Amino acid sequence: MKPVFVINGPNLNMLGLREPDVYGHETLAGLEERCRTKAKALGLDISFRQSNLEGEIVTWIQEARSAASGLVLNAGAYTHTSVAIHDALRIAELPLIEVHLTNIYKREPFRHHSYVSSVANGVLCGFGGHGYELALDAIHRILTVKKG
């Protein structure tokens, strides 16, 4: 089976340093390790990526169309601004779980709108790093049902 792409957007490379009272103390490397452990337990491979560049994220989503079996995406601030990411996700035609570390609905009003949600199979927010593990569970279930 092709890997699941786990794509992280802007500023997520600063986890552990960035507003720990909001985002916690877990680093992106720790989050990647957690995802790799969960994926292995589910029999999945992952390709874990992070970029601060919108165009690079769009390119990865386009690559995923032929190279991945599904997507877990935390688009960070681009969630609320990027029509380009929305359009790339529509083109990808892959199972997609949108993830946010924080509950975006308990934050500033501009964070309440997502250009990703309308093309996602599901949205997880407010569970911290555990949300990524839940997202991998969801992708696994979608792929298993799809096969079955």
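**Note on the predicted model**

1. Helix α5, residues 130-147, has 18 residues and reaches 26 Å from its first C-alpha to its last, close to the 26 Å expected at 1.5 Å a residue. The expected span is 1.5 Å times one less than the number of residues. Helices (H or I, at least four residues) and strands (E, at least two) are DSSP runs, numbered from the N terminus.

2. This is a predicted model, in which local features need pLDDT of at least 70 and side-chain atom pairs count only at pLDDT 80 or more, while totals for chains, interfaces and linings use all residues. Residues are numbered from 1 along each chain as its sequence is written, and side-chain values use heavy atoms, with hydrogens and water left out.

3. Which residues of α5 are buried? They are Gly131, Tyr132, Glu133, Ala135, Leu136, Ile139 and Leu143. Buried means under 20% relative accessible area, exposed over 50%, and partly exposed in between (1.4 Å probe, protein chains only). These buried residues pack against α2 (28-42) and against the strands β1 (4-8), β2 (46-50), β3, β4 (96-100) and β5 (122-125).

4. Ser69 sits in the loop between α3 (54-67) and β3 (70-74). Its relative accessible area is 10%, so Ser69 is buried. Leaving aside neighbours within four places in sequence, Ser69 is in contact (heavy atoms within 4.5 Å) with residues including Met1, Pro3, Leu94 and Leu143. A polar atom of the Ser69 side chain lies 2.9 Å from the backbone oxygen of Lys2.

5. The structure holds 0 disulfides (pairs of cysteine sulfur atoms within 2.5 Å). Cys35 is buried at 0% relative accessibility, and Cys125 is buried at 18%.

6. The count comes to 8 salt bridges (a side-chain nitrogen of Lys or Arg within 4 Å of a carboxyl oxygen of Asp or Glu). One of them joins Arg36 and Glu32 at 3.0 Å, N to O. These two residues are 4 apart in helix α2, so they are separated by about one helical turn.

7. Arg49 and Glu63 form a salt bridge at 3.1 Å, N to O. Arg49 is in strand β2 and Glu63 in helix α3, so the pair ties together parts 14 residues apart in sequence. Arg49 is buried, at 15%, whereas Glu63 is partly exposed, at 34%.

8. Glu26 and Arg34 meet in a salt bridge at 3.3 Å, N to O. Together with Glu133, they are linked in a network of salt bridges.

Notes
Polar contact = N/O pair within 3.5 Å; in protein donor to acceptor, adjacent residues only side chain to side chain.
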